[in-house]
Amino acid sequence: MSTDTPPPVQSNKLVEVVSGITVRLAGDSGDGMQLLGTQLTNTSALAGNDVATFPDFPAEIRAPRGTRAGVSGFQVQFAAHEVHTPGDTLDALVAMNPAALVTNLSDLRPGGLLIVDEDSFEAKDLKLANLSTNPLEEPWTENYRLAKVPMTKLTRTAVAELGLSMKEADRCRNFFAMGMVYWLYGRDMDATMRFIKAKFSRLPEVQEANERALKAGWAFGETTELLGTSYQVEKAELPPGKYRNIMGNQALAWGLMTAANLSKKELFYGSYPITPASDILHELCKFKNYGVCTVQAEDEIAAVCAAIGAAYGGSMAVTTSSGPGIALKAEAMGLAVMIELPLLVINVQRGGPSTGLPTKTEQADLLQMLHGRNGEAPIPVLAAQSPGDCFDTAIEAWRIATQFMVPVVILSDGYIANGAEPWRVPDIAAMDPISIEHPTEFNHGDEFWPYARDRNLARPWAIPGTPNLMHRVGGLEKQDGTGNVSYDPDNHEKMVKTRAQKVANIARVIPPQKVNGPESGELLVLSWGGTYGACHTAVTKAMDAGLSVAHCHLRHMNPFPANLGEILSRYEQVLVPELNMGQLRMLIRDRFLVDAIGYNKVQGKPFSVSELLDKICEMAATESNKLCESKAG
């Protein structure tokens with residue numbers, strides 16, 4: 001790739017090769033930590049590492065500056081091997097102020113590298129962080145490799161000749177910190193230089209200042225003895241193919257567009273902004289040239305109703321939201337069940353109830369999506385497991401929606417939506433098309449019956465305006481076949497059972513559930529959604545240590561895979577880790593009469609591998625198991 005930026009500078013210091021690094025960047029919500037983390041992620045992906053990220057930021061648009069509530073962080077794990085989580089403990093922490101230090105220090109491993117901007121530890125900064133003494137002068141610092149760097153002063157010096165105000169100069173601190181991190185881990189600055197040039201092309205002084213700050217940070221790392229040696233993480237061995245870095249919401253948007261292309265449909269997207277789902281709308285807005293129509297409606301109800309109207313007109317219809325917004329869509333989702341049209345409803349879960357924790361992750365909307373409507377209104381539910389998996393989940397959901405003429409729910413969450421990972425770009429031409437046939441002729445003698453059924457119990461998707469296929473839809477109960485309004489008691493019961501059976505029939509076409517690990521044994525870990533990475537890693541470590549444990553991760557939450565009950569029966573114990581109070585566990589107990597054990601967490605944070613491993617050891621430990629003995633010790 002051609003570039004007019006200078007070639008990467010080579011370090012003259014010793015380089016230690018390591019298999020992987022976990023680093024967290026923390027500062028004020030206005031310090032550019034998310035930008036810094038994103039650039040480090042992209043650069044690591046370009047270097048060939050496997051990458052997993054965890055952005056963590058306040059919900060307030062402008063959180064109180066310098067306070068603990070206003071801390072914004074971005075954690076990245078990059079490695080020379082496959083990774084599924086952003087890491088448990090930190091190898092390095094960059095803290096831009098006292099609040100960032102005290103709220104993140106507990107995750108730094110003993111002996112880890114702690115880099116702080118010592119210019120931000122003045123008396124006023126300590127007061128904002130609710131500290132009575134300077135933490136950098138306390139004995140605990142001996143437990144870490146502390147590097148006190150005057151980032152603010154050094155950044156001001158680097159940009160002094162450009163005539164910026166003090167405030168504008170200080171905004172470049174994040175690029176100075178980025179330069180140090182790039183030197184520390186052997187990252188190439190070229191991609192970030194191009195990013196700076198593109199982002200600030202209309203502000204040449206700001207562009208120049210950020211470039212100087214980045215280079216100054218790298219030069220500081222090269223010349224100082226504070227940071228010690230630098231580290232090198234080799235390329236990961238990934239399956240061959242073309243890769244790019246992708247976030248969950250971005251992958252969902254691309255999956256939706258691909259599904260529309262595979263089914264030869266225009267994509268209609270009706271939505272109302274809400275964290276953390278809004279980025280799907282932002283991404284789709286860029287692709288109107290691909291036949292994408294996006295509507296930012298006046299509220300959630302209008303958004304879902306507009307999508308239902310688009311489905312009635314023959315488009316691929318999608319609406320998205322998060323927990324409280326889904327509550328507002330509930331009545332219209334029941335309407336979609338009644339009129340039996342294909343519709344995708346995406347719920348990017350966040351901490352609740354009500355407004356709750358908008359920027360924090362949770363899995364507490366499972367029962368809402370399964371049962372949160374009036375009447376008997378079953379809807380298929382699929383759950384994505386990772387950022388890249390959002391792409392495939394969107395396509396499968398649309399395939400089910402059109403094959404069975406039903407609204408389908410896709411569950412994601414804040415952890416998946418904002419997380420990122422390397423993603424192998426698929427060959428769209430090799431994907432199976434999504435076949436959709438719109439009727440053009442009578443289907444019942446010399447009449448058209450809009451509620452006639454095929455073998456899947458799906459009704460025909462007749463496009464309004466098709467000659468002789470006039471029909472009406474609405475929320476009132478339909479007469480079987482004709483679709484006329486009916487108050488007949490027996491007909492209502494028949495239609496309720498038919499709609500339920502149609503959803504149940506989906507279990508016949510979805511793939512059987514797979515198990516990672518022994519086909520039977522002492523313990524099965526059953527998980528769903530965004531907990532995949534932590535559960536997979538913990539179970540793999542447990543199996544490597546000789547424990548009789550296997551992992552089963554669900555994508556299809558309703559209906560369950562047809563073989564799930566048989567799988568559950570092969571294990572002595574079933575552990576269900578969830579970021580809620582036990583919603584899947586309750587369903588498993590109810591459906592399969594299995595005494596599943598829950599492991600639950602509602603802290604707005606994902607599971608760590610170590611805490612899951614502790615629980616697995618507690619349930620599956622044997623006296624001779626060295627892994628569990630070491631944890632017990």
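The model is predicted, so local features need pLDDT of at least 70 and side-chain atom pairs count only at pLDDT 80 or more, while totals for chains, interfaces and linings use all residues. Residues are numbered from 1 along each chain as its sequence is written, and side-chain values use heavy atoms, leaving out hydrogens and water.

Strands of a sheet pair through backbone hydrogen bonds, either parallel or antiparallel. Here six strands form an open sheet with mixed pairing, in the order β3-β4-β2-β5-β6-β7. Strands (E, at least two residues) and helices (H or I, at least four) are DSSP runs, numbered from the N terminus; two strands pair if DSSP finds at least two bridges between them. At the edges stand β3 (50–56) and β7 (145–149), each with a single partner strand, so one side of each has no neighbour in the sheet. The antiparallel strands β3 and β4 (residues 71–79) are joined by seven bridges, and P55 has F74 in β4 as its bridge partner. Helix α6 (residues 173–184) packs on the sheet and touches β2, β5, β6 and β7, where contact means heavy atoms within 4.5 Å.

Two cis peptide bonds deserve attention. One runs from T275 to P276, with omega near 0 degrees; P276 lies in the loop between β10 and α10. Another joins N558 and P559, with omega about -5 degrees.

S354, which is not glycine, has a positive phi near 55 degrees. With 57% relative accessibility, S354 counts as exposed, because exposed means over 50% relative accessible area, buried under 20% and partly exposed in between (1.4 Å probe, protein chains only).

Key: Axes fitted to C-alpha atoms, helices over the stretch in contact; angles between N-to-C directions.
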